[in-house]
Structure formats: structure tokens, C-alpha cells
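Reader: Hi, can you walk me through this one? I'm new to this.

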Amino acid sequence: MNKKKTTKKTKPTKSQDLKLELQESKDKYLRLYSEFENYRRRTSKEKIEMIDSANKDLLKEILPISDDFERAIKSSDSDNIIDEEGINLIFQKLRGILEKHNLKKMEIKVGDDFNSEFHEAITSTPSEKKLKGKVVDIIEDGYLIGDKILRFGKVVIGS
């Protein structure tokens with residue numbers, strides 16, 4: 001004879017129901033708390049990125065002014081010392097503001113290897129064999145904000 005064992009399903013007691021309900025509430029609370037923390041982190045990160053983006057746009061617009069100052073200083077007459085000192089003073093203040101916002105000038109020198117990650121080749125010019133694929137002239141300096149490129153250095157390369 002084959003007898004099947006039957007198990008009775010016992011109805012959970014009120015205490016067990018409460019424990020189960022408490023556990024479910026704790027789980028819901030932890031999930032909700034985690035979601036809120038993720039939301040808080042995400043929104044603060046987005047806020048910082050938005051401020052950085054606004055700063056980048058402003059700094060990008062100011063860079064041509066900085067370039068103009070550099071050109072004016074390079075081409076100024078040595079006879080007009082008073083104006084040159086005034087231009088230098090204004091330029092140094094502008095540089096200070098840009099550096100305060102973590103803007104750094106790329107170090108590009110004539111003779112450096114062309115690097116497409118940092119340089120933008122405006123044109124190429126025939127050159128000596130040793131200058132092939134190297135920077136021959138710097139048209140416009142490149143800039144970084146922290147480790148990110150704000151503007152590529154515009155260069156002429158030897159061919």
C-alpha cells in the first residue's frame with residue numbers, strides 16, 4: 001500500500017504575519033532610501049556638470065581676447081613702454097582669472113611631434129626631413145580645463 005503523506009498548510013500566526021509585514025516594510029524603506037540617495041547624487045553631479053559647461057562656454061568666448069592681448073604684446077613698439085606696461089598689467093589680470101577657473105595653456109613647441117589628440121593641423125608646409133610630421137609653426141595656442149581639452153592648438157605641420 002502506498003500512502004501519501006499529506007502536509008497540512010498551517011495558517012501563519014498573527015505574529016508571523018507581523019514579522020513578514022515588517023520585513024517587507026524594511027525592504028521597501030531600504031529600496032526607497034537607496035533610490036533617493038542615487039537621485040541626490042545624480043542631481044548634484046548634473047548641477048556641477050551644468051556649471052562646468054557654462055564656465056567652458058564663457059572661457060571659450062574669452063580666449064580670443066587673451067590671444068589678441070598676446071599678439072598686441074608681441075607686436076608692441078619698444079618706444080611706447082607706458083602702454084606696453086598697461087597692456088601687460090591687464091593681460092596678467094585676465095590670465096589670473098582664467099587660471100583661477102582651472103584653465104591651462106597647452107605646452108606646444110616648434111619641433112614637437114604632431115598629436116591629433118591635442119593639435120589641429122591647419123595646413124602643412126614643405127620642410128626639412130627632420131621636421132616631417134612635426135609642428136613647424138603655432139597659429140593658435142590650445143587650452144585645457146583640468147584634463148579636458150577646451151580648444152585644440154592650431155598648428156602648421158611639416159610635410
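This is a predicted model: local features need pLDDT of at least 70, side-chain atom pairs count only at pLDDT 80 or more; totals for chains, interfaces and linings use all residues.

Reader: How many helices and strands are in the protein chain?

Author: The protein chain has two helices and six strands. Helices (H or I, at least four residues) and strands (E, at least two) are DSSP runs, numbered from the N terminus. The order from the N terminus is α-α-β-β-β-β-β-β.

Reader: What share of the residues is buried?

Author: Of the 159 residues in the protein chain, 19% are buried. Buried means under 20% relative accessible area, exposed over 50%, and partly exposed in between (1.4 Å probe, protein chains only).

Reader: New topic. Where is Asp17 found?

Author: Asp17 is in helix 1, which spans residues 14-75.

Reader: Why does Asp17 count as partly exposed?

Author: Because its relative accessibility is 38%.

Reader: And contacts? What percentage link residues 24 or more positions apart?

Author: Among contacts in the protein chain with a separation of 6 or more, 65% are between residues 24 or more positions apart. Contact means heavy atoms within 4.5 Å.

Reader: Which element holds Leu30?

Author: Leu30 lies in helix 1.

Terms used:
Residues are numbered from 1 along each chain as its sequence is written. Side-chain values use heavy atoms; hydrogens and water are left out.
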